[in-house]
Amino acid sequence: MTPVLKATGLGMTYAGQFVALRDLSIEIQARERIAVIGRSGAGKSTFLRLCNRLLTPTEGRLQLDAQDITHAQGRELRMVRRRVGMVFQQFNLVSRLTVLDNVLIGTLGNRRGLALLPSLWRQFSAEDRAWALHCLREVEIEHLAMKRATELSGGQQQRVAIARLLAQRADVILADEPIASLDPRSAEQVMNILSMINETHGVAVITNLHQVDVATSFAHRIVGLREGVMVMDTTADKLDDTLLEHLYGDQLSEAQVETKPHTEAIHDESHGRMNHAAVPQAVL
Ligand SMILES: Nc1ncnc2c1ncn2[C@@H]1O[C@H](COP(=O)(O)OP(=O)(O)O)[C@@H](O)[C@H]1O
Ligand SMILES: [Mg+2]
């Protein structure tokens, strides 16, 4: 079967000098559930950001279905970002908008530019609104539709972010430490929702996770990165202490115990400028 995503010899060198990812080849099938693990700085976020072309690889090739998207631009790049959506540790909702408007943005698809207008509600058809409400129902927060995004708890905001990807009919969800800012109960709910979406909607989910136990209970397939190199691609049941020690070294105990919410620095190319990540990439 043609993989939904395929990387061949993928590499990322920042600013022409720092090699964050090297020679990574992987095939990801539709409906797969993958956790990417490894120490902080191993290249996990870089890998995810390459997968929906928030970053452009400096080496190698990336394919979505059979289509080469390594250097996709314009309309083609918007198609990539609609089909391969991302949820972030910090949710990245548009805070001044309601929950429903945040989800409706996902229905925009390639209708460019509308997302930034002040009142979105009137611009959508009854069909769009019904679809957005349906997506909110799927993540069990339909009753919060008319609240402002900022009135919600972290776990609820993350569910809005997931509903937005459902609304845009993403085929792949990339989740970069989606539960790192959440309390254990909200974290469990969010992981359950990602599992449910994977099972019932057939969306492939690739998630970076800090805690090994969450990774093995969520994912069928575990990919391990170490210093920018994929050193492990195995199934959750085959993950043993030897493999984990190789991956984490002296940080293993930290990855294995319930840790306090993890707040690693976020390297964001848009830092200091408008937060583009807050708007679904399909509409930029
Ligand atoms: N925009 C950037 N510019 C320069 N270096 C970066 C940038 N983003 C990440 N890095 C570096 O690349 C390495 C991998 O980072 P990252 O992919 O964020 O790792 P992880 O998500 O596994 O913690 C780190 O050493 C990080 O400092
Ligand atoms: Mg990261």
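Helix 3 is largely enclosed by the rest of the structure, because nine of its nine residues are buried (20 or more other C-beta atoms within 10 Å of a residue's own, with C-beta atoms placed from the backbone). The buried residues are Val99, Leu100, Asp101, Asn102, Val103, Leu104, Ile105, Gly106 and Thr107. Please keep in mind that this is a predicted model, in which local features need pLDDT of at least 70, side-chain atom pairs count only at pLDDT 80 or more, and totals for chains, interfaces and linings use all residues. Residues are numbered from 1 along each chain as its sequence is written, while chains are lettered from A and ligands numbered from 1 in the order in which they are written. Helices here are DSSP runs of H or I with at least four residues, numbered from the N terminus.

What surrounds helix 3? Its buried residues pack against helix 4 and helix 5. Two packed helices are described by the angle between their axes and the distance between the axes. Axes are lines fitted to C-alpha atoms over the stretch in contact, and angles run from 0 to 180 degrees between N-to-C directions.

Let's take helix 5 (residues 154-167) to begin with: helix 3 (residues 99-107) packs on it at an angle of about 30°, with the axes 7 Å apart. That makes the two helices roughly parallel, a label for angles under 35 degrees. The crossing is right-handed, meaning that the near helix is turned clockwise from the far one by less than a right angle. Helix 3 brings Val99, Asn102, Val103, Ile105, Gly106 and Thr107 to this contact, and helix 5 brings Val160, Ala163, Arg164, Leu165 and Ala167 (contact: C-beta atoms within 7 Å). By class, the contact has seven nonpolar, three polar and one charged residues (nonpolar: Ala, Val, Leu, Ile, Met, Phe, Trp, Tyr, Cys and Pro; charged: Asp, Glu, Lys and Arg; polar: the others, Gly among them).

Now turn to helix 4. Helix 3 packs against helix 4 at an angle of about 110°, with the axes 9 Å apart. This makes the pair roughly perpendicular, the term for 65 to 115 degrees. Helix 3 passes helix 4 in a right-handed crossing. On the helix 4 side, the contact residues are Asp128, Arg129, Trp131, Ala132, Cys135 and Leu136, and they meet Val99, Leu100, Val103, Leu104 and Thr107 of helix 3.

Finally, look at serine 153, in the loop between helix 4 (126-138) and helix 5. Serine 153 is exposed, with 12 other C-beta atoms within 10 Å (exposed: 12 or fewer).

Notes: Parallel < 35°, antiparallel > 145°, perpendicular 65-115°, else oblique. Contact = placed C-beta atoms within 7 Å.
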